[in-house]
Amino acid sequence: MATFSNLSLLFVSMFVAAFAIAAADFNRDAQITWGDGRAKILEGGRMLTLSLDQYSGSGFQSTNEYLFGKFEVQLKLVPGNSAGTVTTFFLTSQGEGHDEIDFEFLGNSSGEPYTVHTNVYAQGKGDKEQQFHLWFDPTAAFHIYSIVWNPQRIIFSVDNIPIRVFNNDEAIGTPFPKSQPMRVHSSLWNADDWATQGGRVKTDWSKAPFVASYRNFNINGCIPGSSSGSCGPKATDSFSTQGWQTQELDARGRNRLRWVQQKHMIYNYCSDSQRFPQGVPAECKRSRF
Ligand SMILES: *[C@@H]1O[C@H](CO)[C@@H](O)[C@H](O)[C@H]1NC(C)=O
């Protein structure tokens with residue numbers, strides 16, 4: 001018996017070690033997709049920076065495609081006057097009728113808050129925007145941004161605080177992304193025609209290059225067709241004791257979500273009756289948990 005438990009202990013530690021070794025590495029898990037040298041992988045793969053100047057922005061994508069998973073990164077946004085710049089962290093499929101899950105960070109003049117923009121597209125159709133202001137300065141330090149995508153729901157979180165849940169409401173006719181594999185994409189680009197205060201505040205190129213920094217790019221997801229068929233370890237979160245595969249909010253998570261939505265949400269498509277004169281979409285009438 002003693003031998004048996006020692007052996008299982010050994011296997012458990014080997015298992016833990018295997019995932020510890022597989023720590024975030026941009027050289028392995030990401031590919032720079034554009035920007036002609038403006039995106040840089042640094043510190044042996046532990047850090048990545050994107051930059052933007054008058055001529056171009058830059059971007060990267062995940063090496064693999066995933067069908068469901070938990071996608072997390074630590075991000076330090078462009079400091080100072082970042083008006084006109086947009087930093088993105090999103091999942092998207094390719095081709096027509098695409099699915100997409102978006103985190104976008106719209107820069108602002110010095111001292112004014114960034115806007116965190118979220119959206120979900122299913123089969124090419126979006127129009128599910130919610131926007132937030134953060135409860136901290138996202139340019140002063142790294143903060144954790146994550147997307148959990150499982151067959152039941154999508155959870156957007158900031159520093160492990162859920163800010164939005166988009167449920168699978170296919171039962172009432174709302175499309176949900178669930179069959180097209182997606183890749184993570186991230187970019188820093190200029191959008192001063194609309195991004196900041198509706199396009200009124202333009203990018204100040206005398207402050208260029210603008211730089212956003214990334215670290216701890218961690219994905220636990222299912223890679224379609226991978227030989228192992230593995231969906232990664234069942235990581236847990238502070239707002240849930242379940243793995244991402246079945247993750248939902250517990251009472252603490254629901255309280256935190258309520259706090260964010262009451263205090264920090266600045267736009268919700270579900271409350272925009274002017275935009276939907278025939279009535280807001282069906283899923284808006286359901287519980288947001
Ligand atoms: C920028 O700051 C203004 C003023 O505080 C605010 O209304 C706006 O939501 C902020 N964000 C963007 C992207 O314009």
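Ring pairs link F26, F60, F89, Y214 and F217 into a cluster. Rings of Phe, Tyr and Trp (its six-membered ring) pair if their centres lie within 6.5 Å; planes under 30 degrees apart count as stacked, over 60 as edge-to-face and the rest as tilted. The structure is a predicted model, in which local features need pLDDT of at least 70 and side-chain atom pairs count only at pLDDT 80 or more, while totals for chains, interfaces and linings use all residues. Residues are numbered from 1 along each chain as its sequence is written, and side-chain values use heavy atoms, with hydrogens and water left out.

The pLDDT is the predictor's confidence in each residue, from 0 to 100. Its average over the protein chain is 90, and 86% of the residues score at least 70. Residues 14-21 have a pLDDT below 50, and this stretch has 1 contact in the model beyond near neighbours in sequence. Contact means heavy atoms within 4.5 Å. Where pLDDT is low, the predicted coordinates should not be read in detail.

The protein chain contains 3 helices and 15 strands. These are DSSP runs, numbered from the N terminus (helices: H or I, at least four residues; strands: E, at least two). Of its 289 residues, 50% count as buried. Buried means under 20% relative accessible area, exposed over 50%, and partly exposed in between (1.4 Å probe, protein chains only). Among contacts with a separation of 6 or more, 65% join residues 24 or more positions apart.

In total, the structure holds 17 aromatic pairs. One of them is formed by F60 and Y214. The ring centres of F60 and Y214 are 5.2 Å apart and the planes stand at 90 degrees, so the pair is edge-to-face. F60 lies in strand β4 and Y214 in strand β14 (residues 210-221), so the pair ties together parts that are 154 residues apart in sequence. F60 is buried, with a relative accessible area of 1%. Y214 is also buried, at 0%. A further pair joins F166 and F176: the centres are 6.2 Å apart and the planes at 10 degrees, so this pair is stacked. F166 belongs to strand β12 (residues 161-167), and F176 to the loop between β12 and β13 (183-190), so the parts tied together are 10 residues apart in sequence. Both F166 and F176 are buried.

Strand β4 (residues 58-62) also holds S62. S62 is buried, with a relative accessible area of 0%. Its side chain reaches the backbone oxygen of N64 at 2.8 Å. Beyond neighbours within four places in sequence, S62 is in contact with D29, A30, Q31, R183, V184, F217 and I219.

An unreviewed UniProt entry lists N108 under "glycosylation site". Such annotations may be inferred rather than shown by experiment. N108 sits in the loop between β7 (100-106) and β8 (115-121). Its relative accessibility is 9%, so N108 counts as buried. Beyond neighbours within four places in sequence, its contacts include G80, N81, P113, Y114 and T196.

Some backbone features fall in loops. The peptide bond from A208 to P209 is cis, with omega near 0 degrees. P209 is in the loop between β13 and β14. E43 is not a glycine, yet has a positive phi of about 50 degrees. E43 lies in the loop between β2 (40-42) and β3 (47-52), and at 47% relative accessibility counts as partly exposed. N160, also a residue other than glycine, has a positive phi near 65 degrees. N160 is found in the loop between β11 (153-158) and β12.

Note on methods: Polar contact = N/O pair within 3.5 Å; in protein donor to acceptor, adjacent residues only side chain to side chain.
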